[in-house]
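I opened a new notebook page for this structure. I wanted to look up a few things and write down what I found.

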Amino acid sequence: MTLRNIIHSAIAMMVCFGALAGMYALLGAPIVAAAQVLIYLGAISVLILFAIMLTQAGDANLPAPFHRQVWLAALAALLIVGLIGWGAVSTDWGAAAATVAVDLNAIAAALFTDYALPLEIVSLLLLAAIIGAIFLARRPEEDERAN
Amino acid sequence: MGLASYLIVSTLLFGIGAFGFLARRNAILMLISIELMLNSVNLSLVAFNAYIPEAQNAGALFALLVMAVAAAEATVGLALVIAIIRTRQTAEVDAYSDLKE
């Protein structure tokens with residue numbers, strides 16, 4: 001039912017990201033599909049694979065994958081799925097029959113006019129994340145060598 | 001293939017992510033589960049954007065912004081996990097019990 005080897009889990013996650021990119025393309029949003037491939041398949045998956053290879057000391061004896069409270073977790077997840085699914089299906093969204101393709105020029109214009117502030121905030125957040133990640137993942141001994 | 005089917009896929013993906021986050025014992029797999037939940041929200045945003053013309057590309061725009069935030073979150077989260085694993089020598093979250101009574 002579940003994958004015990006964490007590398008296999010990461011590969012399955014990459015397959016899931018690729019499938020989602022296909023869905024974005026089907027939904028008429030090729031720019032989001034391209035970003036999904038670039039950011040998730042290209043960057044985050046590789047980052048996670050690197051983290052796994054840095055931290056896993058061989059796959060000699062794989063421990064049990066789940067906590068003891070796995071049934072509680074399953075119950076909570078089923079509750080979430082039930083509530084959100086019920087809300088999503090029973091609501092009348094007023095959806096059109098056909099999909100509307102994303103207009104690339106409109107997105108580009110909106111990013112630098114109406115959405116300029118969120119764009120700047122995200123760029124600042126990314127800068128802070130990069131600096132924070134370097135600070136956190138640095139080895140302590142490199143610190144001493146620098147001093 | 002309507003809006004509802006995409007929303008159901010998104011809901012199931014979110015549920016799988018929530019279950020993985022709550023039930024898995026490995027810290028890196030918990031981060032993977034968070035990524036799954038963020039992806040499910042992105043899917044619903046893009047689906048709403050595609051099927052509701054009044055959205056005027058806002059869904060796709062916010063999906064792109066969410067991706068950037070998710071990248072930042074993954075970077076800091078993995079750096080934290082690597083730092084913790086380096087000091088505790090294990091990725092099992094059950095072993096991180098220093099603050100327990």
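**Entry 1, ground rules.** I noted that this is a predicted model, in which local features need pLDDT of at least 70, side-chain atom pairs count only at pLDDT 80 or more, and totals for chains, interfaces and linings use all residues. Residues are numbered from 1 along each chain as its sequence is written, while chains are lettered from A and ligands numbered from 1 in the order in which they are written.

I looked up pLDDT, the predictor's confidence in each residue, from 0 to 100. Chain B has a mean of 89, and 99% of its residues reach 70 or more. For the complex, the predictor gives an ipTM of 0.89 and a pTM of 0.88.

Helices (H or I, at least four residues) and strands (E, at least two) are DSSP runs, numbered from the N terminus. I checked the length of H2(B), residues 27-51. I then checked burial: a residue is buried if 20 or more other C-beta atoms, placed from the backbone, lie within 10 Å of its own, exposed if 12 or fewer, and partly exposed in between. In H2(B), 21 of the 25 residues are buried.

A nonpolar core is a set of buried Ala, Val, Leu, Ile, Met, Phe, Trp, Tyr and Cys residues joined through C-beta atoms within 7 Å. The largest one has 59 residues, and A:Ala29, A:Val32, B:Ile28, B:Val46 and B:Ala47 touch the most other members. H2(B) gives the most to this core, with 14 residues.

Contact means C-beta atoms, placed from the backbone, within 7 Å. Leaving aside neighbours within four places in sequence, A:Val32 is in contact with A:Tyr24, B:Val46, B:Ala60, B:Ala63 and B:Leu64. A:Ala33 lies in helix H2 (residues 30-55) of chain A. Why does A:Ala33 count as buried? It has 20 C-beta neighbours inside 10 Å.

I found 53 residues of chain B in contact with 62 residues of chain A. On the chain B side, H3(B) supplies the largest share, 20 residues.

Conventions: Contact = placed C-beta atoms within 7 Å.
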